[in-house]
Amino acid sequence: MAAVKRVCCIGAGYVGGPTCTVIAQMCPEVTVTVVDINEERIRAWNSPQLPIFEPGLQEVVESCRGVNLFFSTDISEAIRGADIIFISVNTPTKTFGIGKGRAADLKYIESCARQIAEVSVGHKIVVEKSTVPVRAAESIRRILTANTKSNLTFQVLSNPEFLAEGTAIKDLKNPDRVLIGGDETPEGQMAIRTLSSIYEHWVPKSRILTTNTWSSELSKLTSNAFLAQRISSINSISALCEMTGADVEEVAHAVGTDKRIGSCFLKASVGFGGSCFQKDVLNLVYLCEVLNLPEVARYWQQVIEINQYQRHRFAARIIRCLFNTVTDKKIAILGFAFKKDTGDTRESSSIHICTYLMDEGAHLAIFDPKVKKAQVIQDLSPSSIMEDDPERVSRLVTVCTDPYTACENSHAIVICTEWDLFKDLDYGRIYNQMLKPAFIFDGRRILDSLHDQLQRFGFQVETIGKKVHKSMLFTANKEVLKQEPQAQPPKKVKM
């Protein structure tokens with residue numbers, strides 16, 4: 001087994017960038033080059049202001065960049081010189097054609113495979129790092145085989161990532177497991193050992209799992225589907241808790257202490273987001289449909305349906321509490337990223353909640369410590385309201401640089417992301433600046449310890465999975481209801 005001297009990663013995004021910076025730090029004798037066709041992104045990787053925010057990433061990059069870690073747009077040159085080539089490009093859900101809304105779009109994977117076949121010489125180990133459907137490695141292999149040359153040999157491996165944004169560097173340096181799938185031929189097993197030798201610089205051999213290629217690919221989809229399922233499961237119970245007087249946090253704790261179940265991913269919220277969970281579950285649904293497993297497909301589709309229901313239910317609750325109308329009312333949105341400690345907004349629940357409130361005519365003042373204004377506007381622009389009035393988003397949305405400005409003169413505060421700084425705000429000051437009655441909607445259950453204090457200030461507090469107080473709600477004809485009516489899913493929102 002020849003020693004690995006050069007590694008190339010195609011794709012400088014949330015997976016490729018952090019993964020290869022850690023490889024460079026842990027394997028100082030290996031030259032790592034991360035390439036991308038996006039020149040602006042590569043310039044950012046080579047600058048003090050990295051294109052993505054991830055705790056600890058800046059320090060790792062600065063320790064290796066220019067030494068054995070390089071960022072470039074010269075993809076062909078990096079491929080030619082590499083012993084191992086990671087493919088870490090985007091695999092979005094298809095927006096048209098067969099499998100629309102479910103199947104993964106593999107056009108970027110195919111493009112990488114064709115470029116590798118075109119410029120490579122010698123022996124290459126091609127590693128699919130992107131989240132891909134089962135048997136995607138076979139597609140890469142067929143493209144490489146069909147375009148192979150006498151001076152080129154290759155092996156294709158599956159090495160899925162199991163990172164959580166916000167803890168990616170920690171996850172990379174201390175992984176639960178590293179999964180490598182490959183052919184069960186002598187050549188395939190040799191390729192697995194070669195890639196394993198990279199991870200063995202810092203990962204114990206007992207945590208490096210090897211399987212066939214198909215098991216590796218399906219394990220990634222299944223892992224994310226199981227995590228998403230747990231979130232939807234506890235969110236479904238949160239709706240029941242709000243109607244019965246139970247507290248979903250207490251229920252989750254009681255359930256999670258059962259060692260057969262465990263406590264991870266039993267945190268009720270406004271729903272899961274990010275680039276992977278929804279995409280991977282939908283991919284699994286599509287796979288089951290194609291393989292004529294409709295009952296299995298419907299089971300996993302329900303995980304997505306509950307997630308959407310939770311978002312719509314929370315937005316509808318905001319509107320009901322604000323006397324059944326939010327038209328021309330200022331609402332402060334605290335948090336726009338899909339989770340704390342990241343600037344990633346892909347499939348963020350904030351987008352869906354904001355879109356629903358905008359469709360009802362609300363004016364939104366949005367603050368997030370890591371999401372840029374341009375990203376917020378871009379994410380909200382595909383809203384259904386744009387069809388008739390393309391300028392409406394610019395009128396309804398204000399992106400603020402601090403939370404106090406966002407909350408000033410607002411009718412309500414909506415916490416959509418669990419940033420720690422939201423726990424430490426001066427809520428007395430905020431209350432004095434708001435219109436009355438002043439509402440707080442805690443979509444992440446981060447203010448539980450402050451409920452008594454918030455109520456003493458005068459806030460009416462609403463949270464996920466718990467009745468904080470018996471609020472008096474009003475219908476459109478001003479009839480007073482003594483208790484909150486059962487939540488119904490609001491009308492469908494075009495995304």
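The structure is a predicted model, and the mean pLDDT of its protein chain is 91.

**Helix H14**

- Helix H14 spans residues 373–380, and its buried residues are Val376, Asp379 and Leu380.
- These buried residues line one face of H14, because their directions fall within an arc of 90° when seen down the helix axis.

**Helix H6**

- In helix H6, which comprises residues 136–146, the buried residues are Ala136, Ala137, Ile140, Arg141, Ile143 and Leu144.
- Seen down the axis of H6, the buried residues fall within an arc of 160°, and they therefore line one face of the helix.
- Arg142 and Ala146 are exposed on the face of H6 that is turned away from the buried side.
- Among the elements covering the buried residues of H6 are strands S4 (84–87), S5 (122–128) and S6 (152–158).
- The cover of H6 also includes helices H5 (107–119) and H9 (213–244).

**Loop between S9 and H13**

- Asp344 is located in the loop between S9 and H13.
- Asp344 counts as buried because its relative accessibility is 3%, and the cut-off for buried is under 20%.
- Leaving aside residues up to four places away in sequence, Asp344 touches Tyr14, Glu165, Ala337 and Phe338.
- Glu347 also lies in the loop between strand S9 (330–334) and H13.
- The relative accessibility of Glu347 is 32%, so this residue counts as partly exposed.
- Glu347 is a residue other than glycine, yet its phi is positive, near 60°.

**Further backbone features**

- Most residues other than glycine have a negative phi, and most peptide bonds are trans.
- Phe265 is not a glycine, but its phi is positive, at about 60°.
- Phe265 is placed in the loop between helix H10 (248–256) and H11.
- With a relative accessible area of 36%, Phe265 is partly exposed.
- Lys436 and Pro437 are joined by a cis peptide bond, with omega near 0°.
- Pro437 is found in the loop between helix H17 (427–433) and strand S13 (439–442).

**Nonpolar surface patch**

- Val290, Leu291, Leu293 and Val296 make a nonpolar surface patch of about 330 Å².
- Of these residues, Leu291 lies in the loop between helix H11 (277–290) and helix H12 (294–321).
- Leu291 counts as exposed because its relative accessibility is 53%, and the cut-off for exposed is over 50%.

**Model confidence**

- In the protein chain, 92% of the residues reach a pLDDT of 70 or more.
- Over residues 470–487 the pLDDT stays under 50.
- For residues 470–487 the model has 29 contacts beyond four places in sequence.

Definitions and conventions:
Residues are numbered from 1 along each chain as its sequence is written. This is a predicted model: local features need pLDDT of at least 70, side-chain atom pairs count only at pLDDT 80 or more; totals for chains, interfaces and linings use all residues. Side-chain values use heavy atoms; hydrogens and water are left out. Patches are made of residues with over 30% relative accessible area and no salt bridge: like charges are joined within 9 Å, nonpolar side chains (Val, Leu, Ile, Met, Phe, Trp, Tyr) within 5 Å. Accessible areas come from the Shrake-Rupley method with a 1.4 Å probe; for residues, only the protein chains shown count as cover. A salt bridge is a side-chain nitrogen of Lys or Arg within 4 Å of a carboxyl oxygen of Asp or Glu. Helices (H or I, at least four residues) and strands (E, at least two) are DSSP runs, numbered from the N terminus. Buried means under 20% relative accessible area, exposed over 50%, partly exposed in between (1.4 Å probe, protein chains only). The arc is that of the directions from the helix axis to the C-beta atoms. pLDDT is the predictor's confidence in each residue, from 0 to 100. Contact means heavy atoms within 4.5 Å.
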